[in-house]
Structures are given as C-alpha cells and as structure tokens.
Amino acid sequence: MRSVKNMAELEIGQHCQVEDCGQLDFLPFICDGCSGCFCLQHRSRAAHNCSGANLKSEDLKPDHHKSILCTYKGCEGRELVPVLCAYCEKHFCLRHRHQSDHECEKLEIPKPRMAATQQLVRDIVESKKGGTASKRCRGAKNNETAAKVALMKLKMHACGDVSLPQTERIYFQVFLPKETKEKSKPMFFCSRWSIGRVIDSAASLAKLKNDNNRSAAKKLRLCHAASGEALPLDHSLASWINCKETPLYNGGNIILEYLDNNVQFLEDADSYLE
C-alpha cells in the first residue's frame, strides 16, 4: 500500500489532452495556439485540431504599411502617407492632389479671377514697355507667328508623356531656374492638365527638386514669359492657351523658377530669354 502511494507521489509529467489518447508524457508539448498539453504524436496543431489555430494565425499577420486609397472616381492609386485636399478634405493620390485634377467640389470658378489677373497683367506690360495699343497687337501677332515656327522644331525634340494623344499635346520651350546648368528644355504637356500638374511633370523631366508639397520651402512656379506672372496652380493649361488677353502659345516660351510663397511675379522675366 505504501509503495503504491509513493509511486503516485513520484508521478511527473502530464497527460495528453487528446480525448482518445491521454498518454502520460514526461516532457509534454505546450501548444502556442490553444495552450494545451500534448504528447509527441499530437503536438502539431493539425494532430489535435487546435481550436486557437485560426485566431492565432490572424493575430500573427502583420498590420503595417497600410496604404490610403485615392477617393477620385475610378482611380485605384494608393499612397502610404495621407495626401489631403485642403478644400474638400478628401484623400487623393499624388496624381489627383490638385483641385482641378480631382474635380474638387469646392473648386472656385476661375473666370472672374482670370479677368482680374489679366487686367493686372495688362497694366504691368504697359508700364514695362510703354508702347501703344497697336504695338502690343503687333507684338502679340509676332509672338503667335514665332510660336508656330518654333512649334515645328519643338515637335522633333520635345520630351514628355509619350502616352498622351497628339491632339492633346501642348509644346513649350521651358526656361529652367537660373541655378541649373541647362538653360532651357523643350517639353510637351496635356492641355487638360492643371498648372500644378504641369509643374510636377516639368520638374520630373528636368530632374529638378520639387518641394511644392512643403509649406515653408520655395515653390516651383510656372511663369508667363512676357509678363512674368506666376500662373495660378489650379488653372488649367487650356484656359491660358485660349486666353484672349495674354495667352500662352503652343510652341512658345515659358519660365520655370523657384519663388517665395508670397511672390506672384518674376521681376526679371526678360533675362531668361536672352
């Protein structure tokens, strides 16, 4: 009787928790899924039909690098960091971050602003050149004719998005910031693009630093070659091509330069074209 009792006291290990097994194992296996004790034969999750296997596998899935889907209709672009429109407060990919590119519901109609801007440009042009109205008309006509001649040359050498249809391409001789080694570069853009998107494309083609998404940094701006005006980022390129007062010409010149946030005109625009 005493020997049986001593054997019971000396019993070590644990029994396998599989109902039809119950084997005493001196070195039992602890399942990291359900925390049960099992023998060598039933140590795998499949062997003991682990109840915590599915839950555990889901918990082990990494939950990082979540991307944010662009809310523009039909776009499946994603970004790892939020790109929030300051006006409609929706998330977009870099391609659709400008108001005109995602058809922002709070986009202001540019026509009234365009009229006021063009009046200001007229005043500046008159003060700079001091010419008569007839001279300005002849100058505009000459610029248009020169642009048509230049367009034929630009089409042979310009770089841009080759997937753009020929009917939507607008060609420019883009004069680059003065700090760059290259003076100018022929490029083409889509007429439907916003000025902001044109700047992004030009910066990429010319391999320029583009910090337009940083509030404190100098911004790359596209400037009118005649007046030096920094074109509003939310205007479309087509609206300036079709402008009657101070239009941009397909085949003409345009200036790309870094400006401070509060600067709206490039003072020495003429010096870029010399």
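Glu89 lies in the loop between β6 and α3; helices (H or I, at least four residues) and strands (E, at least two) are DSSP runs numbered from the N terminus. This is a predicted model, in which local features need pLDDT of at least 70 and side-chain atom pairs count only at pLDDT 80 or more, while totals for chains, interfaces and linings use all residues. Residues are numbered from 1 along each chain as its sequence is written, and side-chain values use heavy atoms, with hydrogens and water left out.

Glu89 has a positive phi of about 60° although it is not a glycine. At 61% relative accessibility, Glu89 counts as exposed (buried means under 20% relative accessible area, exposed over 50%, partly exposed in between, with a 1.4 Å probe and protein chains only). Glu103 also sits in the loop between β6 and α3, and its phi, near 50°, is again positive in a residue other than glycine.

Cys104 belongs to this loop too, which runs between β6 (78–79) and α3 (110–129). Cys104 is buried, its relative accessible area being 7%. Setting aside neighbours within four places in sequence, Cys104 is in contact with Cys85, Tyr87, Cys88 and Gln99, where contact means heavy atoms within 4.5 Å. As for the pair Cys104 and Cys85, they are 19 residues apart in sequence and 8.5 Å apart in space, C-alpha to C-alpha.

Now for the chain as a whole. It holds seven helices and ten strands, and 37% of its 274 residues count as buried. Of the contacts with a separation of 6 or more, 47% come from residues 24 or more positions apart.

Four of the strands make an open sheet, in the order β8-β7-β10-β9 and with mixed pairing; two strands pair if DSSP finds at least two bridges between them. At the edges are β8 (184–190) and β9, each of which pairs on one side only. Direction ignored, neighbouring strands of this sheet are turned by 40° against each other on average. (Axes are lines fitted to C-alpha atoms, for helices over the stretch in contact, and angles run from 0 to 180 degrees between N-to-C directions.) Helix α5 packs on the sheet and touches β8, β9 and β10 (252–259), with its direction at about 135° to that of β8.

Going through the pairings, β7 (residues 169–175) and β8 are antiparallel over seven bridges. Here Phe172 stands opposite Met187 in β8, and Phe175 is opposite Ser184. On to β10: four bridges join this strand to β7, and the two run parallel, with Val174 opposite Ile254 in β10. The pairing of β9 and β10 is antiparallel, over six bridges, and there His224 stands opposite Ile254.

How well covered are these strands? In β7, seven of the seven residues are buried, so the strand is largely enclosed by the rest of the structure. In a regular strand the side chains alternate between the two faces of the sheet. Both faces of β7 are covered: Arg169, Tyr171, Gln173 and Phe175 are buried on one side, and Ile170, Phe172 and Val174 on the other. For β10 the count is seven buried residues of eight, so this strand is likewise largely enclosed by the rest of the structure.

Ser201 is buried, with a relative accessible area of 17%. Not counting residues up to four places away in sequence, Ser201 touches Phe189 and Trp193.

Last comes the open space. The largest pocket has a volume of about 990 Å³. On a 1 Å grid over the protein atoms alone, a cavity is a set of points where a 1.4 Å probe fits but cannot get out, and a pocket is an open set with protein on both sides within 12 Å along at least five of seven lines; lining residues have an atom within 4 Å of a point. Grid points are joined across faces, edges and corners, and a volume is the space filled by probe spheres set on the points. The lining consists of 30 residues, of which Tyr87, His98, Asn212, Lys219 and Leu233 lie nearest the pocket's centre. The elements that give two or more residues to this lining are α5 (195–206) and β9 (219–224). By class, the lining has eleven nonpolar, nine polar and ten charged residues (Ala, Val, Leu, Ile, Met, Phe, Trp, Tyr, Cys and Pro count as nonpolar, Asp, Glu, Lys and Arg as charged, and the others, Gly among them, as polar).
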